[in-house]
Amino acid sequence: MSAYLLKRLAVALATLVLASMVVFAVLEILPGDPARLMLGMNASADQVELLRNQMGLNAPIVLRYLHWAGGLLTLDFGRSYTYSVPVIDLVRERLAVSLPLALIALALSTLIAIPVGLFSASRRGRAGDTISMGIAQLGVAVPNFWFALMLIYIFAVWLRLVPAGGFPGWGAGAWPALKSLLLPAVALALPQAAILARVTRSALIEVLDEDYIRTARAKGLPYRAVLWRHALRNAMIPVLTILGLQFAFLLAGTIIIENVFYLPGLGRLVFQAITQRDLIVVESVIMLLVAAVIAVNLVVDLSYAVVDPRLRTRQ
């Protein structure tokens, strides 16, 4: 298990270093001068050059990368060109919205998908299976922003149960803050639940055809016990893979939903920083999200060995 862990950690660190190089290089070749955009088109060349020197944009690219990467290691992300505040403060403020939103959406997706997948697999080929997978297919096909608009119309405009958008902040109390995240979380969770339900069903059907399942049934174990105790655990590897990918998507890919609900999250911060050519914010937030994705994938890889002990012996 130690060798398995060390190998996964080495791969994760190498991936993180390579990703930092790619992110830095891609953003460097994007058109547009941040200093020119900040000062406006009427600024003189001397003013632009002075600001470029202050921002360190005239230094060699290798030195700029090393300075930026070294700052990331100490959580010193630099200072935002647009907001004139440390980037870490912006990230901390926005992460307080995006992280709870992603966790709530992931929990809702799992609570919906696993029972639906179990139900569908246990009734393979019957009406219940057809109906549940048809609904899941519809959930996969419909984009989450459409769900968001429908949820706003029903629960905010028509029933007036929750706010249509905005975020009051955690200082206003836990319940008002969670209430404002509820509709966005549901809008994010529904398409992901549809995907996860289909994967759960497929994995369970494959496991239910194995010989040890038939042996357990032949020994007289109830079908429900076989399904929950034996089949589900052995079908968890593909399910865990999808869960890891979904969490990464929910944390990093919420730009549309955050704009629909006007939430001050990381996705909205990246969108605004790109339009304002605030490279230091874009680079830092993207690397934070990359590190989160790599960390989640590492946890998922390690969970494989917990779910299936055979993987430890193979390693």
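Are F24 and Y65 buried or exposed? F24 is buried, and Y65 is buried as well; buried stands for under 20% relative accessible area, exposed for over 50%, and partly exposed for the range in between (1.4 Å probe, protein chains only). The model is predicted, so local features need pLDDT of at least 70 and side-chain atom pairs count only at pLDDT 80 or more, while totals for chains, interfaces and linings use all residues. Residues are numbered from 1 along each chain as its sequence is written, and side-chain values use heavy atoms, with hydrogens and water left out.

**Aromatic pairs**

The structure holds five aromatic pairs. Rings of Phe, Tyr and Trp (its six-membered ring) pair if their centres lie within 6.5 Å; planes under 30 degrees apart are stacked, over 60 edge-to-face, and the rest tilted. Two of the pairs are tabulated below.

| Pair | Centre distance | Plane angle | Class |
|---|---|---|---|
| F24 and Y65 | 5.5 Å | 65° | edge-to-face |
| F167 and W170 | 5.8 Å | 75° | edge-to-face |

F24 in helix α1 (residues 2-28) and Y65 in helix α4 are 41 residues apart, and their pair links distant parts of the chain. Helices are DSSP runs (H or I, at least four residues), numbered from the N terminus. F24, Y65 and W68 form one aromatic cluster. In the other tabulated pair, F167 is buried at a relative accessible area of 18%, whereas W170 is partly exposed at 35%.

**R64**

R64 lies in helix α4 (residues 61-73). With a relative accessible area of 16%, R64 is buried. Leaving aside residues up to four places away in sequence, R64 touches F24, E28, G56, L57 and A59; contact means heavy atoms within 4.5 Å.

**Nonpolar patch**

F145, W146, L149, M150, Y153, I154, F155, V157, W158, L159, L161 and I256 make a nonpolar surface patch of about 1,200 Å². Such a patch takes residues with over 30% relative accessible area and no salt bridge, joining nonpolar side chains (Val, Leu, Ile, Met, Phe, Trp, Tyr) within 5 Å. A salt bridge is a side-chain nitrogen of Lys or Arg within 4 Å of a carboxyl oxygen of Asp or Glu. Helix α7 (residues 144-158) supplies the largest share of the patch, nine residues. I256 sits in helix α12 (residues 255-260) and is partly exposed, at 47% relative accessibility.

**Helix α13**

Helix α13 (residues 266-275) is largely enclosed by the rest of the structure, because seven of its 10 residues are buried. These are L266, G267, R268, L269, V270, Q272 and A273. After α13 comes R277, with a positive phi near 55°.

Terms used: Helix = DSSP H or I, 4+ residues; strand = E, 2+ residues; numbered from the N terminus. Patch = residues over 30% accessible without salt bridge, like charges linked within 9 Å, V, L, I, M, F, W, Y side chains within 5 Å. Areas by Shrake-Rupley, 256 points an atom, 1.4 Å probe, with all protein chains shown as cover.
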